[in-house]
Amino acid sequence: MFDSWWDALNLELRVFYGIGIIALLVLLLQLALSVFGGMDEHDFDHAGDHSSGLSFFSIRGVTAFFVGFGWSGVIALNAGWGLIPAIAVGMTVGVTLMLGIFLLMTSMLRLQSSGTLDFANAVGKIGTVYVTIPAGRKAGGQVEVLLQGRLTMADALFRGEAPLSPGTKVTVVEKIGHSTLIVEPL
């Protein structure tokens, strides 16, 4: 049955069907591997966003291009269009799908966050003294501050002459070391 169908096709349809079928099988394989965790995104070119590792010419993007190119070329030829218009339609649909995949993956990557706390982001935030902060930049005090959406406790120092008692509202004015904050009362 497949042989008689394939033999009845002219060369142009065989090329477009071949590209469309192979690209669709690759796309389904990518989907299956993505669902079962066996495939990450790999890139042919680094012309896109270097920080995320995603580029316009990714495996998914190129696969989407060939799916769009092959199947829209088949549709155009079956509609009675000539070879050149079928190639033009295939290129247009393929590039559109490739661009769509790139934009979709780029927006999905924007949803990621590292989750690592950066105490430099606490500067300028308002916090509450949790453990009495001794005067004169002596160690031992702690402050609670909302940092990157999490209530976080950090070591705190105070430059003033009187200690800050628990419950005092403070402003973080500087970060020193890895996670020590210098605070001033409000």
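Colleague: In which sense do strands β3 and β5 pair, and over how many bridges?

Modeller: Strands are DSSP runs of E, at least two residues long, and helices are runs of H or I of at least four, each numbered from the N terminus. Two strands pair if DSSP finds at least two bridges between them. Here β3 (residues 150-158) and β5 (residues 180-185) run parallel, joined over three bridges. Within this pair, Ala156 sits opposite Leu181 of β5. This is a predicted model, where local features need pLDDT of at least 70 and side-chain atom pairs count only at pLDDT 80 or more, while totals for chains, interfaces and linings use all residues. Residues are numbered from 1 along each chain as its sequence is written, and side-chain values use heavy atoms, leaving out hydrogens and water.

Colleague: What do the five strands close into, and in which order?

Modeller: They close into a barrel, in the order β1-β2-β3-β5-β4, with mixed pairing. From one strand to the next the twist averages 55 degrees, taken between axes fitted to C-alpha atoms, with angles from 0 to 180 degrees between N-to-C directions.

Colleague: Which residues have the most contacts inside the largest nonpolar core?

Modeller: In soluble globular proteins, nonpolar side chains tend to be buried together. A nonpolar core is a set of buried Ala, Val, Leu, Ile, Met, Phe, Trp, Tyr and Cys residues joined through side-chain atoms within 4.5 Å. Buried means under 20% relative accessible area, exposed over 50%, and partly exposed in between (1.4 Å probe, protein chains only). The largest core has 15 residues, and Ile133, Leu164, Leu181 and Val183 have the most contacts inside it. Strands β2 (141-147), β3, β4 (169-176) and β5 each supply at least two of its residues. A second, separate core of 11 residues includes Phe69, Val74, Leu77 and Met98.

Colleague: How many aromatic pairs does a search of the whole structure find?

Modeller: Rings of Phe, Tyr and Trp (its six-membered ring) pair if their centres lie within 6.5 Å; planes under 30 degrees apart are stacked, over 60 edge-to-face, and the rest tilted. The search finds six pairs. Trp5 and Trp6 make a tilted one, 5.9 Å centre to centre with 55 degrees between the planes. Phe65 and Phe69 are stacked, at 5.9 Å centre to centre and 15 degrees between the planes.

Colleague: Why are Phe65 and Phe69 separated by about one helical turn?

Modeller: Because they are four residues apart in helix α3 (residues 59-78). Both Phe65 and Phe69 are buried.
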